[in-house]
Amino acid sequence: MKLAVFGNPIEHSLSPRIHTLFAQQTGVEIEYDKILAPVDGFAETAQNFINQGGKGFNVTVPFKIDAFNLATKHSINAQTAGAVNTIKVDGDALIGENTDGIGLLNDLTKNLEIDLQNKIVLILGAGGATRGILLPLLQQQPARVMIANRTASKATQLAKAFKPYGETCGFGLEKIKNDLVDIIINATSASLDGQMPNIATGIANNAICYDLMYGKQTPFMDWAQDNNASMVVDGLGMLVEQAASAFEFWTGKQPETQAVIEAIRALND
Ligand code: NDP
């Protein structure tokens, strides 16, 4: 099966290694390439790949919205997120899925054994990743999901859009109070720039702190450790889980993820 990941940049993507491990494990034959698409040429590059026999692909920064527009059908996760990270070629149809949220959920509930029901969750950031994780998170019936963002209006808009799925509220980062929460998810891209969102410290006390960023210790993870978080986690498990969900979407085979998470973590250490 001919598969690929599209992005710009793409050189550092771990997806080919992850999918190769899944393929070895499940006995499915795949060829999985990294493809650099020009920033203004995603649709054309993807169409060339399909014309050459491509059966499915992942999409990363900055093409998740372009992929949403390219897809001819959308899953409920893709629809609510307004973004697509996985496409399956099905005859003439291009089916768009968003596995980011399922990936985070599986890492939290399956790998880390965290029960989200009745928990208070604080998400930092209101970008594409937050859009992708909100529906699967709300389906776990937390007591409340609070979205705090540097640009407050984006947080309030997202909270409003997802109200039908559960208890949500949105505000600016500066409005975060020192009240305790159960889980803090850093879904900002601040870690990419080695920065920490400017927020109150008391909230980390006893909370599970999860940074979507992976591959290195981030300022958010340092902050969480310094402020008595009960657990501090990076996004590598989410990365492998979102890939597993995409692999199953394409092949119908569900890979086992624990050994793959360990293998990829060992590569990064
Ligand atoms: P977007 O560019 O869509 O959104 C970025 C968000 O970060 C915005 O809310 C922005 O706020 C906020 N932000 C940026 N810099 C700062 C800062 N210095 N302080 C406070 N807030 C800041 O990015 P994505 O949502 O696509 O990705 C977010 C992160 O999630 C990235 O680090 C990405 O690598 C990671 N990710 C990890 C995945 C995994 O599998 N582990 C999967 C998907 C994403 P504003 O609106 O004000 O600009």
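**Exercise 1. Which residues in α9 meet which residues in α10?** Work out the geometry of this helix pair as well.

*Solution.* Keep in mind that this is a predicted model.

- Step 1: find the helices. Helix α9 covers residues 236-251, and helix α10 covers residues 258-268.
- Step 2: list the contact. On the α9 side we find Leu236, Gly237, Val240 and Glu241, which meet Val260, Ile261, Ile264, Arg265 and Asn268 of α10.
- Step 3: sort by class. The contact of α9 with α10 has five nonpolar, two polar and two charged residues.
- Step 4: describe the packing. Two packed helices are described by the angle between their axes and the distance between the axes. Here, the axes of α9 and α10 come within 10 Å and cross at roughly 130 degrees.
- Step 5: name the arrangement. Angles from 65 to 115 degrees count as roughly perpendicular and those over 145 as roughly antiparallel; α9 and α10 are therefore oblique to each other. Their crossing is right-handed.

**Exercise 2. Describe how α5 packs against α9, using axis distance, crossing angle and residue classes.**

- Step 1: geometry. Helix α5 spans residues 100-111, and its axis and that of α9 come within 7 Å, crossing at roughly 120 degrees.
- Step 2: handedness. The crossing of α5 and α9 is right-handed.
- Step 3: residues. From α5, the contact is made by Asp100, Ile102, Gly103, Leu104, Asn106, Asp107, Lys110 and Asn111. From α9, Gly237, Met238, Glu241, Gln242 and Ser245 take part.
- Step 4: classes. The contact of α5 with α9 has three nonpolar, six polar and four charged residues.

**Exercise 3. Decide whether Thr26, Lys175 and Asn228 are buried or exposed, and place each one in the chain.**

*Solution.* Two cut-offs are needed: buried means under 20% relative accessible area, and exposed means over 50%.

- Step 1: Thr26. This residue belongs to helix α1, residues 15-26. Its relative accessibility is 19%, so Thr26 counts as buried. Leaving aside residues up to four places away in sequence, Thr26 touches Phe247, Lys253 and Pro255.
- Step 2: Lys175. Look for this one in the loop between β9 (168-172) and β10 (183-186). Lys175 counts as exposed because its relative accessibility is 56%. Asn149 is 26 residues from Lys175 in sequence, with 9.5 Å between their C-alpha atoms.
- Step 3: Asn228. The loop between α8 (219-226) and β12 (231-233) holds Asn228. With a relative accessible area of 51%, Asn228 is exposed. Asn228 touches Ala204, Asn205 and Asn206, again not counting residues up to four places away in sequence. Thr130 is 98 residues from Asn228 along the chain, and their C-alpha atoms are 25 Å apart.

Key. Residues are numbered from 1 along each chain as its sequence is written. This is a predicted model: local features need pLDDT of at least 70, side-chain atom pairs count only at pLDDT 80 or more; totals for chains, interfaces and linings use all residues. Side-chain values use heavy atoms; hydrogens and water are left out. Axes are lines fitted to C-alpha atoms, for helices over the stretch in contact, and angles run from 0 to 180 degrees between N-to-C directions. Helices (H or I, at least four residues) and strands (E, at least two) are DSSP runs, numbered from the N terminus. Angles under 35 degrees count as roughly parallel, over 145 as roughly antiparallel, 65 to 115 as roughly perpendicular and the rest as oblique. A crossing is left-handed if the near helix is turned anticlockwise from the far one by less than a right angle, and right-handed if clockwise. Contact means heavy atoms within 4.5 Å. Ala, Val, Leu, Ile, Met, Phe, Trp, Tyr, Cys and Pro count as nonpolar, Asp, Glu, Lys and Arg as charged, and the others, Gly among them, as polar. Buried means under 20% relative accessible area, exposed over 50%, partly exposed in between (1.4 Å probe, protein chains only).
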